[in-house]
Structures are given as C-alpha cells and as structure tokens.
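Biologist: I'd like to go through this one with you, and I'll keep asking where the labels come from.

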Amino acid sequence: MRLELQKITKQFPGVLANDRISISVDKGQVLGLLGENGAGKTTLMNILSGLYRPDSGKILIDGKERIFRDPAQAIDAGIGMVHQHFMLVPVFDVTESVVLGNEPTKGPLGSFDRATARAQVVELSKKHGLHVDPDAKIESLPVGVRQRVEILKALYRKSDILVLDEPSAVLTPQETEELFDIIRGLAKGGTSVIFITHKLNEVIAVADKITVLRRGAVAGETTPKKATAAKLAEMMVGREVQLTVSRSKSHVAEPILQVKGLNVLNDAGGRAVNDVTFEVRSGEILAVAGVQGNGQTELVEALTGLRLVDSGTVALEKKPLHAGSPREIAMAGVAHIPEDRNRDGMIKGMTVAENYILNTYHLPQYSKNGLLNRKAIAAATEQAVKDFDVRTPSINTDIGSLSGGNQQKVIVAREFSRNVRLVIAAQPTRGLDVGSIEYIHRRIVEQRDAGAAVLIVSTELDEVLALGDRVAVMYEGRIVGILDAKQATRERVGLLMGGITK
Amino acid sequence: MNALKKFGLKVRVPALSISVALLVGALFIVFTDLEVLGGLLSDPIGALSLGIGRAAVAYSALFRGAFGDPATIQKALESNGDILVWARALRPLVESVVASVPLIFVGLGVSVAFRTGIFNIGGAGQFTMGAVGGTLAALFFGAGVTPAPIAILLVMLFGLIGGAAWAFLPGFLKARVGASEVITTIMLNFIAGQFVFFLVSNFEFIQKPPRIQPVSKELSQFVDLPGILPIASLRLDIGIIVALLTAVAVSWFLFRSTRGFELRAAGLNIAAAKYAGMGATTSIITAMLISGAISGLGGALVAVGTVKQLSPGIAGSVGFTAIAIALVGGTRPSGVVATALVFGLLQHGGSLMQVQTGIPIEMLLFIQALVIAFIAAPELTLGILKNPFRRRTRAVSK
C-alpha cells in the first residue's frame, strides 16, 4: 500500500508540533523518518495511528482519503505500530501475546483456540523470517526478541504499513543488525515500513528514502545514496554538527581514582562486580565498554555510594571512599551522571531550579537556618541555564516537560557545578539527539582537559571509542581487558565484550 | 488576568466536580423517594415534578443550613444590631466553619505525609491522641493552676505531642523494618479510640461525674478557648485562627524550607532523593512526626474548644474525610483549606436538611464520595464541560 500524509498540521497549546508536514511511503519501501527529540516525529505518528486528530491535512492510503477517529480504525486500515516501549504482558507466552485482542476461537462458547493460534504464529514467523519460540514466556525473552513479538503482533493484524518508533534504542549492535535484516525482508515482501529514529547511521543503513524533520516541519528529503551522516545531521539540527568530538592529546598526571580488588553484590546477592582493579588519572578518560548487565551498573553504584561495597577499596586522591554516603562522595569532588536519568538523576514534578540544587541544596549558599535561599538558587540556576544552553521556558518549569536533551543538560550542569575531581558518567547520552550528544561529549572532554579524571560507562561502542583515552571492557563482572585508544579497535573491543580474551 | 486564568484552571476540576456531584445527588433524592417511585407508572409527570420539588426543598434546606437563611439575614440587617437576631442569622455559616476546623487540621496533617509519599491514613488516631493530650493538659493545668494563656498553650503543646507520638510509631516501623504505614496507621486508629474509652471510664479525675457515661469532664470548666466573634453565643474560637496559621506554616515549610524540599523530593522520587544524598529514613520519620503533630493539634483544639469533652468517638469520620480533602485539595495547603470549608458547609447544611426533610445525612457522604470520584477522574469531569452530545464512533472489526 502507498501511504501519503499531506500537509498535516497539529497545534498544541503553545507549540506547533506539526507544521504542514507531508511524507509518503510506497509499497515495499522503507522510509527513514529522522529528527531530533521534539521535532514532531511522535506527534505525526500518533496522528497516523489515530491517537490524535490533525488540525488540518489529509491521510491518503492508496490515493483514498482516510480519517482515523481512534486507533482501531488505523489498525483496520492496515497501519501497525511498534512502540518504543513494548506493550506486552510479561506472563503471557509468545502465541498469546501475538493474538491478544484478535484470538481465533472455536466451539459454541467461543473458547480460545490455542492450536490454531500457535499454527498461525508459527506460519507468520516463518513467512517473514522472524524467529521466535511460540511457547516462550515474554518475561524470559531478551528485548530484541520481544521486539520481534511486537512486529509479529502488527503483522498478525494484517498491517501493510509498519511504523517502528525508535526501534534500536533498546537493542545491542547485533540485535540491531538482525532487526535491519527483518525490515529488509518485510519490505521485499511488500510491507511499507516507516522507521523513526534519530540515529544517522541507521537510516543510511536501512532506509530507501529519508525524510528529515526539524521543529515540526519537513527540513528535507534525500536518499541514503546521496546522504552522508554529516549532511543529515546538519539537516536535523539546522547547523553544522561535529559528529566526532575533537580532542587534544590528554595530559595525564597523577592517579585520582584507585579501585583495588572491588567486589560488589547485586540485589539478588550474586556477585555483580568481581575483583575489579583499575585506576583513572587526572586528565584522562577511561571508557568502560560492555554489553548491558555485565556489572557496570553495580560498579557505578558502588563507586557513588548507592550500593554497599562487599570488599575491596576505592580511593579518591588517596582518601578512602568505599564507605562513603552519596553525599560524602559527591562533596569529595565526584560528579555523577546517572545511568537512568528518569529514575535517579532528576525529579519530575519539581522545577528546573529545584533539580539544579538537588544535591547541593544543603550547602550554605543555598540554605540558611533551615530555609532555602530562593534568590541565590534562582540566580545560580539562571546562570547554569545560560551556560549550558538549557532550552526551558523558565527555571520554574517542571523538568518533566523538557526534552530529554535539556533534562540531561540540567543534570550535567548540576554535577559540574561543584568542584569536580572525578566524573562518573553512566550512559551519558542514552536516548539523546545528535545536538545534545555533541554538546554533552564536549562538556565531558572539557572536564578532562581541566584536569579531572573521567570514567565513562557506556554500552554504545561508538561512544566508548570516540571518548576513551583508554578502554576497559567488562564481562560478567570482571574487567577482561584495558586497551589504549590506539589498540582499541571496534573488532578487538567487540570480541572482549563477548568474553573472548583468546 | 493571567493569575486569574491560572486560578480558574486550578479550581476548574474541583468546582465542576462539586456541582456535578450535587446534581447526581439530586437525582438520587428524586429516585429514592418512595412516593415518587410509586407514582412513576401511573402519573410519571406528576411523580417527577413531586420528586424535583422534594429535591429543591432538600437543597434549599442544605443551602440554608450551610450559609444561613436569607430571610433571617434580612431581618438581622433590619434589626438595628439586635444580637439575638444576628446570632440566629449567622449561626449556620459559623457552624459550617466550626465543622471545617478539624477537617483543615487533619487534611493538612495527612497532606504533609502524602507529599512525602507516605499514605498516612491514621489521621483519626493522631487527632484522637491529640485530643487526649489536650484534655489531660486542660485537666492538669487548667482551672487556675496556670494562667489561662499558658494553659491554652499547654493544651496545644500536649496536642502536638500526642499526635506526633502516635504517628512516630508507624513512621519508625516503616523506616526501620518497612512495615506498611497503611496497615499500622489504620490499626492505631482503633487503638486510639479504645485507649480513650479506657481513660474516660477508669479514672476519676478524667471521667464526668457521676461516672456512668464513658466521657470526660466538661472541659470548659478548666480551659476556655477565647471566641473570636463579638457575639458570645456563636462558638467560633481561636481554633480556626490556629488552623489557618497552620496552613500558612505548612505551605511555608513545604516550599521554603530545606527539610520541606527533602520531603517533597522523597515523595516524588525516592530513588533520586537517595542519589542526591537525602536520608530516606529521616524523611519518613520527620514527615510522620509533623503530620501527626498537626492532626493532634487539631484534636486538642476541637476537644477543648468545640466539643469541650473527650469521648472515644471524638474523631468521628474526620480521618477519612480528611484524606479525601487532602486529595481534592491537591495536598496544597490553600487547596486543603478551601476544600475543608466546602466540606464543612456540606456537613452542617446536611444536618439541617436531615432535620427538615428527613433525607438522611448519609446523603452528604454520598455527595462527598461523588466529589472524590469526579476529582479522581479529571478527564471524565472535564469531558462533561465539552459537548456531551458528540458521538464517539468506534470502528467495528471485521
């Protein structure tokens, strides 16, 4: 089916989310819809899936105008959505999850016909090359497979147009590759695919056609053959973007963080960090690579006082730190950009200013006789918002209403507002757009150049290779190798990430 | 103008909820009237107009009970300052405010806990123990033992302590061993009531002679809270002033103080509060102490000032109504005060409605419950504002 959106406009109070956007995708074509967070991608897809009604503009399917009053009508029209956050019931198995809502029935009572359902799912997965075990429970499946179940769900509802919203955000590099194979296969079979992302390399790898959105409007159209990552980034952001951080040579000096024989337990009591020893020196960035769940989270939590150290020592400039509270560690000169900013890094429902002073509010400049000094807080936040280019209507805006990039900038501004000797940044750019990634990387490198020691933990190989002066790889709680930037090739690090040390 | 608009947006849902709840309540009055139901088949128009008439009479009684009778007020205006006439004209409104005083206190108390993410539903127990503290202070220090102003201060202090102590226990248990505050506070509500029963039936210096009923001595003999109105027979005392001051203090504490910042942070996101180095244990215990102290202060002032007697059932339904008030008021002190006043009006108006029309006061509980249901579903409530006749069509599958 050919899908065309013509001059879609959607106004929200204070925001023109979609401004006369026109896009189209042909039968069997893959359209890459590229844009930063807040560019209007999600609004557009919500209109397409019947969640919102456009203020003006048309949706045409095979040339015929369609109006979707609710998601059910969009599904009937053959539009299938795979959301960024999966909508699956953990205790259901794959068959049940796929047919849920359209179950085949048998008998006079219309009871669930499991055998038919299973057969349909098996056939569907064979036909499209989506390998899943129809009897596996959802909760036991890795995210990559869960995503396949979501895609199967859409196909089961006879979707001819498949919309994938930021599908690679939760996947490992290998899983992403597999997803691309699936998308190519589906397109070959005649399904039209809209692939929403902010990752440049992905659209180039998988799309037939690329439409770039910026600030609610179409900023340009191109094809992967004509496009380069730099050009796409420029279209997306509206100015030239440096995709790789320019770094001067590091001036490595005395060690700042020294970790010796560190053991840390996970919530279940198992050993998450196993006899880890390393050090980070002033003026260098140590990047820790590894597939998610190999002890990086626990390592960072232990270093920042959020998790008890089972045994071993941590020292900051020779002073022991392994028994410190989060506050003591922060006040000793450690900046911590947490892995999950929604959970740990900020408090939605509080203002930008309140989040800016979240861990310094007790210092004398902000708090006197048990009262907050609102003038000083406002002044400091105003300055930080300016220095870190945080786009917010005011410092009294709820941080939850800002884009992810701006939220992260508030967190980074807060963490760098203290005297920083060590920066611990866990997944500092997860879920951010190109412009924000560039900005945050630059700020982290600035800290290094100012003489801080920097520990970056990331599952994104690109980030690790771009920033690390040295690269450590974690596998099953151990550090299986520490390489200099020169030796750290994609292949070598990739092998270490898989636990292969030769 | 902008501020006005903002205010309008804030009160839109509560105001609409109350109106719709009253409307549904009217329907309920019409269709639970046996005479109306009996005539519905033979003479539907007559029966319905009878029912609507009855509902109108009931609501008119509710209104007069809440605000006062316009005719009496008219008379008072013409009476050249006759105190008796004025007293009669103003009594309903004053009594409505009196009814809202305990609601303000306990509403504020539980709001502080809610803001910290603790579901303290022990407002009734903390209020009761505050009443115990206030009563004991009145008995020990009143009747000339200490000067009157000091005795009043001691009543308030003991009320604070009684409520805080009762809230400390569940707070401590939650912080230390993770005991659910919902369970512990609810159980402590019962214990508080029974404890009062024990006190007022076993101690001569507490129980009212001739020691037949389980109630305390008349407390006005010991401590008399000064009234704030020029007409002595209207019983509005300094309790309402203290309540309003407490609201200001709570607002100031939550939004201006360092501790308040910590409590709000813990309430909104405990993980981030820990990340920021705030102690979760201290937050929980502090919030519970403050929460209980405020409810306890209310208990002491109501026992000594309004009821002038301690009895096992002193809290009545205050505990649960206050939870509703805290939620309807958005756990904001100003919202809590406003909602408590509305609920006070409903409560006192409802008693006149019961006397005059025989419609039970439970009707008001029904209306209050509806208000809460509508507030809990703002989308539904706002949907009523929009065009109710817009049809939503759903595609039929297959």
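Modeller: Fine, let's take the chains, then the interface, then some helices and loops.

Biologist: What should I know about the model and its numbering before we start?

Modeller: It's a predicted model, where local features need pLDDT of at least 70 and side-chain atom pairs count only at pLDDT 80 or more, while totals for chains, interfaces and linings use all residues. Residues are numbered from 1 along each chain as its sequence is written, and chains are lettered from A and ligands numbered from 1 in the order in which they are written.

Biologist: How many helices and strands does chain B have?

Modeller: Chain B has 16 helices and zero strands.

Biologist: What share of the residues of chain A counts as buried?

Modeller: In chain A, 47% of the 502 residues count as buried. Buried takes 20 or more other C-beta atoms within 10 Å of the residue's own, exposed takes 12 or fewer, and partly exposed is in between, with C-beta atoms placed from the backbone. For chain B, 47% of the 398 residues count as buried.

Biologist: How many residues of chain B are in contact with chain A?

Modeller: There are 18 residues of chain B in contact with 26 residues of chain A. A contact is a pair of residues whose C-beta atoms, placed from the backbone, lie within 7 Å. On chain B's side, α10 (258–268) and α11 (270–275) are the elements that give two or more residues, and α10(B) gives the most, with five. That side of chain B divides into eight nonpolar, six polar and four charged residues. Nonpolar here covers Ala, Val, Leu, Ile, Met, Phe, Trp, Tyr, Cys and Pro; charged is Asp, Glu, Lys and Arg; the others, Gly among them, are polar.

Biologist: Why is α10(B) called largely enclosed?

Modeller: Because eight of its 11 residues are buried. Among them are B:F261, B:L263 and B:R264. The buried residues of α10(B) pack against β20 (371–372) of chain A, together with α5, α9 (239–256), α11 and α12 (280–307) of chain B.

Biologist: Why are α4(B) and α5(B) called roughly antiparallel?

Modeller: Helix α4 (residues 70–78) and helix α5 (residues 83–115) of chain B pack at about 150°, with their axes 8 Å apart. Angles run from 0 to 180 degrees between N-to-C directions, and axes are lines fitted to C-alpha atoms, for helices over the stretch in contact. Under 35 degrees is roughly parallel, over 145 roughly antiparallel, 65 to 115 roughly perpendicular, and the rest oblique. So α4(B) is roughly antiparallel to α5(B). Residues making the contact include B:I73 of α4(B) and B:W86 of α5(B).

Biologist: Which residue lies on the loop between β23 (470–475) and β24 (478–484) of chain A?

Modeller: A:E476 is found there. It has a positive phi of about 50° although it is not a glycine.

Biologist: What makes A:E476 partly exposed?

Modeller: It has 14 other C-beta atoms within 10 Å, so it counts as partly exposed.

Biologist: What about the loop between α8 and α9 of chain B?

Modeller: B:R211 is found in that loop, with a positive phi of about 60° although it is not a glycine. B:P210 lies in the loop between α8 (181–202) and α9 too, and a cis peptide bond joins B:P209 and B:P210, with omega about 5°.

Notes
Two residues are in contact if their C-beta atoms, placed from the backbone, lie within 7 Å. Helices (H or I, at least four residues) and strands (E, at least two) are DSSP runs, numbered from the N terminus.
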